[in-house]
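I opened the model to look up its nonpolar cores and its aromatic pairs. My notes follow.

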Amino acid sequence: MHSEGLGDLIFEQQTFLDEFEEWPDAFLAGAFTVPGEGGEWTLALEFGGELGTRPSIMEALSAGTRAVSHSSNGGKPMDFFHWYEDGELRTTFEWPADRSGSTPDELNAMMGEVGLNPAGDTDPSVDTKAAVMALAERLTGVRVTAQLLAKSEYQLGVVPEEPVEEWESITIDITDAHGERTYAQLRRDQL
């Protein structure tokens, strides 16, 4: 299955969602090949899924190569970045100063060059979404533009949600600002 351009991908996404009464346990993704650093790259686009944030997928996609993902949460100021190299999560963050991964500081100079402050607050005049996209471009050589997304032919696929592990209980352990602790462990059958 394929779509001609972004408009067709959006139409296919809506058609996919219309098949379900409730939010489905899968999502539609579109992918195409694009030139970048060192050769061809695959650019994948999906709405409302988690393709670029799933460790199992990103580890497999990056085996022997590099995989970079950027995701946003709609209009909310949440811009997630993930850089995998040869199956290993190297750097990930939502906020530039709160990074993790095996090499969380390796991209600090590059982050500064695109307007992200790895030491703290980002300049309010910086478009964080654009800066995170620029960081991904620095690592891949792929420039994502409106025209690229609009004109590309997408190969489509349905990606199932990851199964949720069974759980037996939850634990609530909170200490407030006055030092008072609230601790409770509730079994599944108690909820």
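Entry 1: I started with Phe-20, which is partly exposed at a relative accessible area of 36%. This is a predicted model. Next I looked up Phe-16, which is buried, with a relative accessible area of 9%. I then checked the geometry of the two rings. The centres of Phe-16 and Phe-20 lie 5.3 Å apart and the planes stand at 65°, so I logged the pair as edge-to-face. The cut-off for that label is over 60 degrees.

I moved on to Phe-81 and Phe-93. Their ring centres are 5.3 Å apart and their planes are at 25°, so this pair is stacked. Here the cut-off is under 30 degrees. Where do Phe-81 and Phe-93 sit? I found Phe-81 in strand S5 (residues 79-85) and Phe-93 in strand S6 (residues 88-93), so the pair ties together parts that are 12 residues apart in sequence.

Are Phe-81 and Phe-93 buried or exposed? Phe-81 has 0% relative accessibility and counts as buried. Phe-93 is buried too, with a relative accessible area of 3%. I noted a count of 3 aromatic pairs for the model.

**Entry 2: Val-68.** The limit for buried is under 20%. Leaving aside neighbours within four places in sequence, I listed contacts of Val-68 with Met-58, Phe-81, His-82, Trp-83, Ala-136, Leu-139 and Thr-140. Phe-81 from the stacked pair is thus on this list. I also looked up one C-alpha distance. Val-68 and Ala-136 are 6.3 Å apart in space, C-alpha to C-alpha, and 68 residues apart in sequence.

**Entry 3: cores.** Which residues touch the most other members of the largest nonpolar core? I found Phe-32, Val-34, Leu-43, Leu-149 and Tyr-154, out of 15 residues. Two or more residues each come from helix H1 (5-18), strand S2 (26-36), strand S3 (39-46), helix H5 (146-151) and strand S8 (153-160). S2 gives the largest share, 4 residues.

Beyond its neighbours within four places in sequence, Leu-149 is in contact with Gly-5, Leu-6, Phe-32, Leu-43, Leu-45, Val-144 and Tyr-154. I then found a second, separate core of 12 residues. Its members include Met-111, Leu-116, Ala-131 and Leu-139. Leu-139 was already in my notes as a contact of Val-68.

Methods: Residues numbered from 1 in each chain as written. Predicted model: local features only at pLDDT ≥ 70, side-chain atom pairs only at ≥ 80, totals over all residues. Heavy atoms only, no water. Core = buried A, V, L, I, M, F, W, Y, C linked by side-chain atoms within 4.5 Å. Buried < 20%, exposed > 50% of the residue type's maximum accessible area, 1.4 Å probe, protein only. Contact = heavy atoms within 4.5 Å. Phe/Tyr/Trp six-rings, centres within 6.5 Å; stacked < 30°, edge-to-face > 60°.
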